[in-house]
Amino acid sequence: MSEIVLMSDPKVAAIPVAECGERLVDVRAAGSLLVDARKQDPADAYAYLREGVLERLLKAQAALPQDVRLLFVEGYRPPALQREYFEEYASQLRAIHPEWSARQVHSAASRYVSPPDIAPHSAGAAVDLTLADAGGRELDLGTRMNADPEESEGACYTHAANISEEARANRRLLGSALAAAGLVNYPTEWWHWSFGDRYWALVTGKSAACYGPKEITPLGQGLVMSD
Ligand SMILES: C[C@@H](N)C(=O)N[C@H](C)C(=O)O
Ligand SMILES: [Zn+2]
């Protein structure tokens with residue numbers, strides 16, 4: 001298996017963004033995806049994604065067996081929230097490993113949360129999702145979603161060996177549908193997939209990302225994006 005490129009790798013930040021300006025859309029309006037409210041925020045920003053990412057999720061949903069559904073948990077994440085997540089996990093790591101340098105902490109933190117400057121969720125390009133049965137019950141993917149590497153003893157890594165055969169099969173099913181639709185996985189998190197961001201561009205050999213980080217402002221029934 002090829003070596004994992006972490007989000008903190010300078011190769012990711014070196015990818016330029018040629019912003020295409022595509023809008024963020026509410027995935028709940030598409031109607032055919034299961035959407036879980038565990039990450040709901042007052043502006044419902046969590047439910048938004050770039051239009052091209054949603055199109056690809058719908059394609060992946062259509063490729064799954066009839067009794068299996070994608071369960072969407074989190075899409076867009078405001079830059080301030082991304083910073084909060086990153087800092088929170090970095091301080092946990094500092095407490096566990098007081099001997100680590102700032103560089104080591106930054107790199108280890110990026111196994112689980114992207115550095116805010118390159119964050120795919122803040123570009124509306126990434127989605128955290130899992131599988132559910134026809135009744136909406138989550139399937140066994142080996143760990144809870146958002147289990148960090150310490151808590152899960154590494155089982156959050158997509159190709160971890162310390163999960164059951166059933167969980168491995170479910171990860172394969174999720175992965176084959178999403179990869180066929182054009183999304184790429186962050187290999188330290190089985191639930192994190194993206195399209196159009198810098199990480200996606202690096203993995204797929206594109207010269208630039210098409211979606212860069214955005215701030216959003218709620219307006220009427222929607223969201224307005226700005227740099
Ligand atoms: C925090 C976790 N749900 C997540 O989204 N991690 C990725 C790497 C990110 O922050 O982009
Ligand atoms: Zn994610």
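Helix H5 lies across strands S4, S5, S6 and S7, running at about 130° to S5. Here helices (H or I, at least four residues) and strands (E, at least two) are DSSP runs, numbered from the N terminus. Axes are lines fitted to C-alpha atoms, for helices over the stretch in contact, and angles run from 0 to 180 degrees between N-to-C directions. Contact means that the C-beta atoms of two residues, placed from the backbone, lie within 7 Å. The model is predicted: local features need pLDDT of at least 70, side-chain atom pairs count only at pLDDT 80 or more, and totals for chains, interfaces and linings use all residues. Residues are numbered from 1 along each chain as its sequence is written, while chains are lettered from A and ligands numbered from 1 in the order in which they are written.

Another helix, H2, lies across S4 and S5, running at about 155° to S4.

Now for the sheet itself. It is open, with five strands in the order S2-S4-S5-S7-S6 and mixed pairing; two strands pair if DSSP finds at least two bridges between them. Strands S2 (34–35) and S6 (184–185) stand at the edges with a single partner strand each, so one side of each has no neighbour in the sheet. S6 and strand S7 (residues 192–194) run antiparallel and are joined by two bridges. Val184 has Ser194 in S7 as its bridge partner.

Finally, look at Phe72. Leaving out residues up to four places away in sequence, Phe72 touches Val27, Leu33, Leu34, Val35, Asp36, Val127 and Leu129.
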